Amino acid sequence: MENLTFGQYSLVYNAFSFTFATMAAATLFLWLGRSQVGPAYKTALTISGLVTAIAAYHYFRIFQSWEGAYSVEGGIVTASGYAFNDAYRYVDWLLTVPLLLIELILVMRLSQEETVSKSIKLGSAAALMIVLGYPGEIATDIPTRVLWGTLSAIPFVYIMWQLFAGLGASINNQPENVRELVKKARLLTFASWGFYPIVYMIPYTNLSGSDVTVGVQVGYTIADLIAKAGVGVLIYMIAVRKSQAEYGDKAHG
Ligand SMILES: *C/C=C(C)/C=C/C=C(C)/C=C/C1=C(C)CCCC1(C)C
């Protein structure tokens, strides 16, 4: 690892710390929120909270790994000799990315058959996307990064296309009072997921050294906050509204 300025080190340190707290708080919010929705939507909230719980754990480990990778003395930050471990992030994604797609599918309340088939198709494509991205993320040369990044973009494009084309028809079958919210959840997913490959490409620019490290870490962190906690809150809102429409006052319990 290269040396950082104290400001760069602190920026990433604080971003990880803030994200750990946010993911932990979102988990409590989503799990406690289960009592506000009807039975059909409880699983969607359980899974949304599971996503933020898994992320909270990994941000805690990423935070520790960051602390361990540098030593700070008198405001001078030097690499400690222990590598910062990017694998926590990728293991987190491997678990949370398929779950995020499943929570979006669940809140739509499609037929059982469609729910299962869409979850399997999109979940496997998501896992493939992450597995293919990892060798590029840890590569030290740009051509290797480009190669794996490009391969990973194939399942990514498939997922994005499915979100728009495949789920488009289902969205039009949603009750009117949630159609806009479901579209927002999909848009937020689309926008935040689109941010990851852009962050991945930071090393392709003429930025170098510590600027790349900081840009990539802060970039992925912002995307994670939106894609997990932000989308989770929208899923909660959709579930509450649909429960009120479908279950009336019996939504509680
Ligand atoms: C909670 C974490 C989420 C939603 C992570 C999403 C990650 C991606 C959409 C990553 C996509 C990538 C590419 C499309 C190409 C380059 C490699 C990746 C893995 C950064």
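In this predicted model, the ligand is surrounded by 18 residues, and the closest of them are Trp93, Met129, Ser152, Tyr196 and Lys228. The protein covers 99% of the 530 Å² of accessible area that the ligand has on its own. Sorted by class, the shell around the ligand holds 12 nonpolar, four polar and two charged residues. Five helices take part with at least two shell residues each: H3, H4 (112–138), H5 (142–172), H6 (176–200) and H7. Of these, H3 makes the largest contribution to the shell, with five residues.

Side chains of opposite charge can pair when their charged atoms come close. Applied to this model, the salt-bridge criterion gives a count of five. One of the pairs joins Asp92 to Lys228, with 3.7 Å between the closest N and O atoms. Because Asp92 sits in helix H3 and Lys228 in helix H7, this pair ties together parts of the chain that are 136 residues apart in sequence. With buried defined as under 20% relative accessible area, Asp92 qualifies at 3%, and Lys228 does so at 2%.

Asp224 forms a salt bridge with Arg89, and here the closest N and O atoms are 3.4 Å apart. Asp224 belongs to helix H7 (residues 210–247) and Arg89 to helix H3 (residues 87–108), so that distant parts of the chain, 135 residues apart, are linked. Asp224 is buried, at a relative accessible area of 1%, and Arg89 is likewise buried, at 2%.

Another salt bridge brings together the side chains of Arg145 and Glu137, with an N-to-O distance of 2.9 Å. Both of these residues are buried.

Strand S1 (residues 70–73) runs antiparallel to strand S2 (residues 76–79), and four bridges connect the pair. Within this pairing, Ser71 has Thr78 of S2 as its bridge partner. The two strands form a hairpin with two residues between them, and in the turn Gly74 adopts a positive phi of about 55°. In a regular strand, side chains alternate between the two faces of the sheet.

Conventions. Residues are numbered from 1 along each chain as its sequence is written. This is a predicted model: local features need pLDDT of at least 70, side-chain atom pairs count only at pLDDT 80 or more; totals for chains, interfaces and linings use all residues. Side-chain values use heavy atoms; hydrogens and water are left out. Two strands pair if DSSP finds at least two bridges between them. A salt bridge is a side-chain nitrogen of Lys or Arg within 4 Å of a carboxyl oxygen of Asp or Glu. Buried means under 20% relative accessible area, exposed over 50%, partly exposed in between (1.4 Å probe, protein chains only). A residue is near a molecule or strand if one of its heavy atoms lies within 4 Å of it. Accessible areas come from the Shrake-Rupley method with a 1.4 Å probe; for residues, only the protein chains shown count as cover. Ala, Val, Leu, Ile, Met, Phe, Trp, Tyr, Cys and Pro count as nonpolar, Asp, Glu, Lys and Arg as charged, and the others, Gly among them, as polar.
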